Amino acid sequence: MAPPMTLPCELEEEILSRLPPLSLARFRSVCKQWNAICNENRFINNHFARARPQFIFITNSNIYSIEIISLDGVDPTIKLRELPSSRTAYRELYLDYITITTCDGLLFCNYSDYPKVTALWNPWLKQVKWIECNDKYFDVSGVGYDNTRPEKVYKILGSFISGCKVERVAIYECASHAFKSIDSSNEQCPLSQVKRFSVSLNGNLYWRTRIPHTLDFYIRSFDFSRDIFKHFCLLPCRENHFRDVLVLGVYKGDRLSLLKQCYVTRSVEIWVTKKKIDSNNNGTDEVVWIKLLTLPTNNLPNLYNKCYGISYFIYDKTTLIMCCGEDDGGTRAFIYILSGEICSRRFQLILGFSGVVTVFMLRILSRFL
């Protein structure tokens, strides 16, 4: 009997890198070799580059992933899937008391009700770790990692709260389970803005903040390799109305994007950075923005004051996929697929039970550290 044929290791890795996160989570348990491949930084980065974003809906009772199907075709649709680890990191608490941030496909759930804890959660691998701070509350603002190191060691930026007062700003390192205080004496932007407006890109946090007494904004960042706050760059456009919407995002996995909607006309502009944002890019004059898309008002909602936030991503330089909740709460959310002069599809999600919806976007499978 002839021995079974085996594929070259490079070909196996190429096939695995093309799998969606849930499938990859199953396949990594087939053998030790595949599990080892999935843990390599090179493979994780390759999977980053290939994966399409997914929306994550979080409610009081469940968590769902939303995948956009057939974006290359004439009739795109969505696939709703309940994640099997939905209830693990909730402890059946209300979302009104939970803040959730994302980084590399991981969810970081911060509970401000009792008990005051933070869950580090990989829904794809069904892994949860808890950070408990005894009698103090560690308020999470964002998550990143030191991008100068070969391995990813995740860090959490936050502040210790006693009563209603911020005692100190600190970093929690997930690998060592240790807190480190950082100097924030010169930081004028409150951490609440980081929590509300930030995105995680290549290990660092970026968020928009207003230049005082103007309609202009700039991007502030937190560098997890040096544990410092710093100025990054000006936004490419300004507010024309105080209800204009400005939402930062990630483009192609290595660039920043900006969605701006004019409150008066409802038209949408999409701006992206021309070059990759990495450890060699220090911001300031090095950052160049280009206007990628201008979308008309046809069938577009007014995005001002949308409940539960706005998430979006850009597909193939021509299509905006956007998700947002209702204006006045409730259990409905909408996904819009916008291309050229038309809103090609609009999906309404009626979740069928009481509770709120929070919209996030996960992109890939990551190791849980």
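Which residue forms a salt bridge with Lys 155? In this predicted model, the partner is Asp 227, and the closest N and O atoms of the two sit 3.4 Å apart.

**The chain as a whole**
- The protein chain has 369 residues, and 51% of them count as buried.
- Its secondary structure comes to five helices and 24 strands.
- If you take the contacts with a separation of 6 or more, 48% of them are between residues 24 or more positions apart.

**Salt bridges**
- You'll find nine salt bridges in the structure.
- Lys 155 counts as buried because its relative accessibility is 8%, under the 20% cut-off.
- Asp 227 has 10% relative accessibility, so it counts as buried too.
- Another bridge joins Asp 223 and Lys 230, with 3.3 Å between the closest N and O atoms, and both of these residues are buried.
- Arg 255 and Asp 254 also meet through their side chains, at 2.8 Å from N to O.
- Arg 255 is buried, with a relative accessible area of 16%, and Asp 254 is buried at 15%.
- Salt bridges with shared partners also build one network out of Lys 155, Lys 180 and Asp 227.

**Around Arg 210**
- Look for Arg 210 in strand β13 (residues 204-210).
- Arg 210 has 34% relative accessibility, so it counts as partly exposed.
- The side chain of Arg 210 makes a polar contact with the side chain of Glu 239, at 2.9 Å.
- A polar atom of the Arg 210 side chain also lies 3.1 Å from the backbone oxygen of Thr 214.
- Leaving out residues up to four places away in sequence, Arg 210 touches Leu 215, Asp 216, Phe 217, Tyr 218 and Glu 239.
- Leu 234 is 24 residues from Arg 210 along the chain, and their C-alpha atoms are 9.9 Å apart.

**A nonpolar patch on the surface**
- Leu 7, Leu 11 and Ile 15 make up a nonpolar surface patch, and together they have about 250 Å² of accessible area.
- Ile 15 is part of helix α1 (residues 9-17).
- With a relative accessible area of 44%, Ile 15 is partly exposed.

Notes. Residues are numbered from 1 along each chain as its sequence is written. This is a predicted model: local features need pLDDT of at least 70, side-chain atom pairs count only at pLDDT 80 or more; totals for chains, interfaces and linings use all residues. Side-chain values use heavy atoms; hydrogens and water are left out. Patches are made of residues with over 30% relative accessible area and no salt bridge: like charges are joined within 9 Å, nonpolar side chains (Val, Leu, Ile, Met, Phe, Trp, Tyr) within 5 Å. Accessible areas come from the Shrake-Rupley method with a 1.4 Å probe; for residues, only the protein chains shown count as cover. A salt bridge is a side-chain nitrogen of Lys or Arg within 4 Å of a carboxyl oxygen of Asp or Glu. Helices (H or I, at least four residues) and strands (E, at least two) are DSSP runs, numbered from the N terminus. Buried means under 20% relative accessible area, exposed over 50%, partly exposed in between (1.4 Å probe, protein chains only). Contact means heavy atoms within 4.5 Å. A polar contact is a pair of N or O atoms within 3.5 Å; within protein, one must be able to donate a hydrogen and the other to accept it, and residues adjacent in sequence count only if both atoms are side-chain atoms.
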